Amino acid sequence: MPNQDAKCSPETVVLAFLGGAIGGMIAGILLAPRSGEETRRELKSQARRTEEDIIEKAKEARAALDEVIESGKQFVDEKRADVEAAVKAGREAFKEKMEKCSS
């Protein structure tokens with residue numbers, strides 16, 4: 001009876017999974033009921049659709065990133081204005097205090 005307490009490393013599990021997936025794909029292609037030409041045509045078509053989907057998702061991600069960047073710029077501009085106003089108020093208060101002390 002095999003040792004059931006033995007643990008496989010994550011690398012071993014990933015390699016076993018990838019090996020099984022690749023083996024299954026190869027077996028599926030070789031044992032498919034279609035001819036090689038039909039299979040290649042179908043694979044090219046699927047690759048084209050996948051490429052179009054990836055390009056569309058990339059465009060959506062870029063648009064979302066542009067929105068986040070613009071929001072970040074607005075946030076920074078607002079906070080910069082708040083800090084500038086606080087510094088100005090601090091300078092004025094300091095100036096008034098100095099004027100009172102020197103009088």
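Because the model is predicted, local features need pLDDT of at least 70 and side-chain atom pairs count only at pLDDT 80 or more, whereas totals for chains, interfaces and linings use all residues. Residues are numbered from 1 along each chain as its sequence is written, and side-chain values use heavy atoms, with hydrogens and water left out.

**The whole chain**

Along the principal axes, the C-alpha atoms fill a box of roughly 100 × 45 × 10 Å.

Colour next by accessibility, for which buried means under 20% relative accessible area, exposed over 50%, and partly exposed in between (1.4 Å probe, protein chains only). Buried residues make up 1% of the 103 residues. The protein exposes about 9,600 Å², of which carbon and sulfur atoms supply 61%; accessible areas come from the Shrake-Rupley method with a 1.4 Å probe, and for residues only the protein chains shown count as cover.

**Helix H1**

Select Pro 10, which lies in helix H1 (residues 10-30) and is exposed, with a relative accessible area of 59%. A distance drawn from the C-alpha atom of Pro 10 to that of Lys 100, 90 residues apart along the chain, comes to 73 Å.

Then select Val 14, Phe 17, Leu 18, Ile 22, Ile 26, Leu 30 and Leu 31, which make a nonpolar surface patch of about 770 Å². Patches are made of residues with over 30% relative accessible area and no salt bridge, like charges being joined within 9 Å and nonpolar side chains (Val, Leu, Ile, Met, Phe, Trp, Tyr) within 5 Å. Leu 18, one of the patch residues, is placed in helix H1 and is partly exposed at a relative accessible area of 43%.

**Helix H2**

Move to Arg 41 and Glu 37, whose salt bridge has its closest N and O atoms 3.6 Å apart. Arg 41 and Glu 37 are separated by about one helical turn because they stand 4 residues apart in helix H2 (residues 36-102), and both residues are exposed.

Further along, a negative surface patch is formed by Glu 51, Glu 52, Asp 53, Glu 56 and Glu 60. Glu 51 lies in helix H2 and is partly exposed, with a relative accessible area of 47%.

Select Asp 66 with Arg 62 next: their side chains meet in a salt bridge of 3.2 Å, N to O, and both residues lie in helix H2, 4 residues apart, about one turn of the helix. Asp 66 is partly exposed, at 36% relative accessible area.

Asp 77 and Arg 80 form another salt bridge, with the closest N and O atoms 3.2 Å apart, and these two residues of helix H2 are 3 residues apart, about one turn of the helix. Asp 77 counts as partly exposed at 44% relative accessibility, as does Arg 80 at 46%.

**Charges over the whole protein**

Finally, show every charged side chain: the mean positions of the 18 positive and 20 negative charges are 2 Å apart. Lys and Arg count as positive and Asp and Glu as negative, while His and the chain ends are not counted; the place of a charge is taken as NZ of Lys, CZ of Arg, CG of Asp or CD of Glu.

Key
Salt bridge = Lys/Arg side-chain N within 4 Å of Asp/Glu carboxyl O.
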